[in-house]
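Please have the sequence and the coordinates open while I talk.

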Amino acid sequence: MSVRFASAAALTVAAAVGTTLVPLSAHAAPVASSKPLTIELGTPAPSGPLTRGGASETFTFTVKNSADKAVDFQPWMIGDTDGASPIAASHIVFDVQPVNAPATDEFVGQQDAGAQGMFYPAEKGRNAPFSVPAKGELSWKVSVGLGKNYPSNNGNLKLLADDLAEHTQRQNDDTLVFEASPKISTGPASMTLETDENAPIKPGTTGNVDIVHQLKGGVTFDSDLRTTLEVVEEPGSTGKIPELVIDELGEDGKYTRVKKFAGEEKWQLADIRKSYVMHRTRLRVSVIDFKGIQKPVKLTLQATTSLTEGNIHPFLGAQGRITVAPERGTAPSGKPTATPSSTASASPSPTASATPSGTPSASATTSAAAVANDPVTTTGALASTGSSSSTWYAAITAAVLIAAGGALTALRLRRR
């Protein structure tokens with residue numbers, strides 16, 4: 001049977017010519033292990049690049065058992081690309097047929113910005129493992145192709161073979177990279193949240209927050225991007241979160257109030273057009289009521305970005321901190337705790353796109369000229385990149401879900 005699966009969006013993909021076996025840089029190098037199983041992936045055929053909507057390539061998937069007793073095995077195939085877009089279920093074609101193994105079925109577990117394909121004994125159900133015989137092996141033929149709507153700014157496709165039962169040693173030949181055609185100039189997307197927590201917001205003052213998006217390569221996204229900003233409550237915090245007001249700078253050089261989600265400390269910013277090299281969104285933060293604030297309060301802001309169409313789960317994220325202080329009180333002391341991310345610039349790029357997409361929002365995107373006249377000092381930025389990185393937001397998307405009784409159940413959250 002044929003199914004489709006999607007990327008975990010959390011692995012680093014090496015460029016390849018044709019179909020190439022490569023080590024997985026996001027995992028540790030193979031070391032001596034007491035785990036009895038090993039995975040071997042054969043060379044895909046026919047060789048050559050995959051085209052969107054074109055023919056698949058097939059390779060042999062073999063698991064070997066060195067133990068003197070049978071060992072459980074739950075095959076897990078994780079997909080990723082070296083481009084900027086998250087992978088959706090419709091982007092990849094995936095089919096598994098047993099060779100030296102019991103009758104096999106496949107399925108896809110969707111998790112936020114990506115998913116992973118699994119296969120299992122057809123007669124036992126999705127939660128059941130295969131049993132690899134003592135000193136024996138099992139094998140399958142796996143076919144992989146690209147769907148017609150595989151993202152235009154994604155390049156090569158990478159597959160990692162793993163074991164949910166965790167009885168398998170890491171190997172250098174458990175990863176395949178498939179070249180995608182046509183070959184494009186592509187690279188990851190990145191996102192940075194620029195703040196200055198050492199410049200407190202007091203009565204009559206505002207704080208500056210910049211959200212910077214960058215995209216390497218010359219190929220745009222297939223849809224516009226949408227960013228939300230929210231206040232993240234600190235673990236163990238019992239204090240009241242000051243009510244914030246967010247204004248966004250428009251192309252006309254004027255700030256517009258950003259609409260707040262009902263009952264949440266969360267705001268949706270203006271959409272970013274799909275074609276950009278660097279895009280800077282300038283925000284002005286103020287506080288409605290300082291009543292009850294007796295000493296400086298530090299707040300963590302979190303921004304997440306998703307596509308507006310297709311796989312709309314967030315695939316970029318970043319955090320930064322701001323400080324709210326009373327008019328009379330002790331301001332934060334000390335030097336800035338961090339420097340701006342190297343992926344962002346505190347000054348606008350002449351190639352920046354700052355045009356809202358026209359969605360019904362009260363906010364607008366940043367004017368490059370306006371930002372140039374209002375520089376910001378940045379500290380404490382926590383950046384996350386797109387589908388080819390294992391940084392902040394991507395790291396939390398690499399979970400496998402098992403469909404049990406019609407519901408998706410998380411088996412494991414793997415941090416890259």
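This is a predicted model: local features need pLDDT of at least 70, side-chain atom pairs count only at pLDDT 80 or more; totals for chains, interfaces and linings use all residues.

Which residue in strand 22 does V212 stand opposite? The residue opposite V212 is R280 in strand 22. Residues are numbered from 1 along each chain as its sequence is written, and side-chain values use heavy atoms, with hydrogens and water left out.

Let me give the overall picture. The protein has 2 helices and 27 strands, where helices (H or I, at least four residues) and strands (E, at least two) are DSSP runs numbered from the N terminus. Of its 416 residues, 50% count as buried, and here buried means under 20% relative accessible area, exposed means over 50%, and partly exposed lies in between, with a 1.4 Å probe and protein chains only. Taking contact to mean heavy atoms within 4.5 Å, 78% of the contacts between residues at least 6 apart in sequence join residues at least 24 apart.

Now to the pairing, for which two strands count as paired if DSSP finds at least two bridges between them. Strand 17 (207-217) pairs with strand 22 in the antiparallel sense over 8 bridges, and strand 17 is also joined to strand 16 by 7 bridges, again antiparallel.

What about the interior? A nonpolar core, as used here, is a set of buried Ala, Val, Leu, Ile, Met, Phe, Trp, Tyr and Cys residues joined through side-chain atoms within 4.5 Å. The largest such core has 33 residues, of which I211, F221, L229, L244, L301 and I322 touch the most other members. The elements that give two or more residues to this core include strand 17, strand 22, strand 23 and strand 24. L244, leaving aside neighbours within four places in sequence, is in contact with residues including V231, W267, V285, L301 and I322. A second, separate core of 30 residues includes V71, F130, W140 and A161.

I will finish with two residues. N311 lies in the loop between strand 23 and strand 24, yet N311 is buried, with a relative accessible area of 7%. A polar atom of the N311 side chain lies 3.0 Å from the backbone oxygen of I87, and a polar atom of that side chain lies 3.3 Å from the backbone nitrogen of H313.

Y255, by contrast, lies in strand 20 (residues 255-257) and counts as partly exposed, at 24% relative accessibility. The C-alpha atoms of Y255 and L283 are separated by 8.3 Å, although these residues are 28 apart along the chain.

Technical notes. A polar contact is a pair of N or O atoms within 3.5 Å; within protein, one must be able to donate a hydrogen and the other to accept it, and residues adjacent in sequence count only if both atoms are side-chain atoms.
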